[in-house]
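Thanks for asking me to look this over with you. Have the sequence and the 3D view open side by side as you read.

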Amino acid sequence: RRLGEFGFTYVQTVLLLVVACYDLLTPKGKDKFYDLNALVIGCPIGIVGWCEALGCEFGYRRLGGHALYDATIPASMFAYLAIALAVQPPLGQGKELKTQ
């Protein structure tokens, strides 16, 4: 394989690592939603990106190729939103939202 074939995967991996390092170095505000974000948004996007790069000739293109990667981004964000809303206690039951 030529090095240029992994250009997309390289850029995508670097971007995910930058976001991960920033999140790890930000000490405050980490709660269950921090972990949920990594699990439901970060992991699927990273995995699908690598599947696209490594499996393009082996059938990934027939499954949708890059369109499948593009669809993973909003799908994982909507999944995160649905799970976060499902586990969040209703207002008035538990911690109140603080507005500044």
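Here are my notes, point by point.

1. This is a predicted model, in which local features need pLDDT of at least 70 and side-chain atom pairs count only at pLDDT 80 or more, while totals for chains, interfaces and linings use all residues. Residues are numbered from 1 along each chain as its sequence is written, and side-chain values use heavy atoms, with hydrogens and water left out.

2. Start with the largest nonpolar core, which has 10 residues: F33, L36, V40, I41, I45, V48, Y60, Y69, Y80 and A84. A nonpolar core is a set of buried Ala, Val, Leu, Ile, Met, Phe, Trp, Tyr and Cys residues joined through side-chain atoms within 4.5 Å. Two or more residues of this core come from each of α2 and α3 (66-87), and α2 gives the most, with six residues. Helices are DSSP runs of H or I, at least four residues, numbered from the N terminus.

3. Which residues does A84 touch, leaving aside its neighbours within four places in sequence? They are F33 and L36, where contact means heavy atoms within 4.5 Å.

4. Now find L54 in helix α2 (residues 32-55). L54 counts as partly exposed because its relative accessibility is 45%; buried means under 20%, exposed over 50%, and partly exposed in between (1.4 Å probe, protein chains only). L54 and F6 are 48 residues apart in sequence, yet their C-alpha atoms are 8.7 Å apart in space.

5. Finally, the cysteines: C21 is partly exposed at 42%, and C51 is partly exposed at 39%. The whole structure has zero disulfides, meaning pairs of cysteine sulfur atoms within 2.5 Å.
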